[in-house]
Amino acid sequence: MILPDKRLAVCADLVTGGFAADIGTDHAYLPSFLVRSGKCERAIASDINPGPLEAARRTLIGEGTADRVELFLADGTKDLPLEGVTDIICAGMGGELISRIILEDERTREMHIIAQPMSRAEHLRKSLFEAGFSIDEERAVRSKGHVYTAARFVYTGRREYDEAAVYTGGLSPLREDDREYVRLMCERMKKAAIGMAAARPDEAAYNEHILALIGEKWKL
Ligand SMILES: C[S@@+](CC[C@H](N)C(=O)[O-])C[C@H]1O[C@@H](n2cnc3c(N)ncnc32)[C@H](O)[C@@H]1O
């Protein structure tokens, strides 16, 4: 059984335990797949907006998974019953929003965090590293003409981190999709450095410094 959306399929792959909570679920394709495939015994699917939650309800009924996926209308994990949850998934949202959702609820320290940011991945990694989370796996994936990244974080309490890891996380120079993700990110950083050179020379120099560190390891 496969999930047609490769971006969500990577998130499903990163799930480790039998009870996942998908925050910002929209159509609930991911939690429904997790229980249908047997990877999870049960799941929570939550969204801040009633419209997506209605779409989620239709998916669960249509796929016969409504008895194993519980729906909640909630902002992040606020007021969600997370007892027994092994994995929190935040996919398809901006890195800043994911970071806020994870860091405002200390219960997330007890779980694996599967994060798939659509933007500001470096902000997400940095803020989670500074709060004591580490990445134990990260993969890039090409899907529908874009390259996305998805990472699994765990709370270790260790707050030191490598500055290049803010940009490349747990991606590997040996994997083709990971190389493409990092190559595109470096292109954006180079353009930004050129654009900032006159008005914000310190930021431009920092970008150049990170690009040099990445270049050394990745040989792109
Ligand atoms: C672009 S969709 C992503 C859906 C799905 N997770 C995916 O990756 O395909 C983002 C969803 O997050 C929901 N959302 C935005 N902010 C949220 C918050 N603070 N708490 C829960 N859900 C939120 C939106 O209503 C929307 O349904």
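Helices and strands are DSSP runs numbered from the N terminus, a strand having at least two residues and a helix at least four. The model discussed here is predicted.

**Ligand surroundings**

The ligand is surrounded by 16 residues, of which Gly-24, Asp-26, Pro-52, Ala-91 and Gly-92 are the closest. At least two residues of this shell come from each of strand S4 (87-93) and helix H4 (95-103). The most is given by S4, which contributes three residues. Sorted by class, the shell around the ligand holds eight nonpolar, five polar and three charged residues.

Most residues other than glycine have a negative phi. Asp-26, one of the closest residues to the ligand, instead has a positive phi, near 55°. Asp-26 lies in the loop that runs between strand S1 (19-23) and helix H2 (29-36). Ala-28 is also found in the loop between S1 and H2, and the phi of Ala-28 is positive as well, near 60°.

**Helix packing**

Two packed helices are described by the angle between their axes and the distance between the axes. These values are listed below for two helix pairs.

| Helix pair | Axis distance | Crossing angle |
|---|---|---|
| H4 (95-103) and H5 (121-130) | within 7 Å | roughly 20° |
| H7 (176-196) and H8 (201-218) | within 9 Å | roughly 155° |

The axes of H4 and H5 cross at roughly 20°, so H4 is roughly parallel to H5. In this contact, Gly-95, Glu-96, Ile-98, Ser-99, Ile-102 and Leu-103 of H4 meet Ala-121, His-123, Leu-124, Ser-127 and Leu-128 of H5. The contact residues comprise six nonpolar, four polar and one charged. H4 also supplies at least two residues to the shell around the ligand.

For H7 and H8, the axes cross at roughly 155°, which means that H7 is roughly antiparallel to H8. The crossing of H7 past H8 is left-handed. The residues of H7 in this contact include Arg-179, Val-182, Cys-186 and Met-189, and those of H8 include Ile-210, Leu-211, Ile-214 and Trp-218. Eleven nonpolar, one polar and four charged residues make up the contact of H7 with H8.

Notes: Residues numbered from 1 in each chain as written. Predicted model: local features only at pLDDT ≥ 70, side-chain atom pairs only at ≥ 80, totals over all residues. Axes fitted to C-alpha atoms, helices over the stretch in contact; angles between N-to-C directions. Parallel < 35°, antiparallel > 145°, perpendicular 65-115°, else oblique. Left-handed = near helix turned anticlockwise from the far one by under 90°. Contact = placed C-beta atoms within 7 Å. Nonpolar A, V, L, I, M, F, W, Y, C, P; charged D, E, K, R; others polar. Near = placed C-beta within 6 Å.
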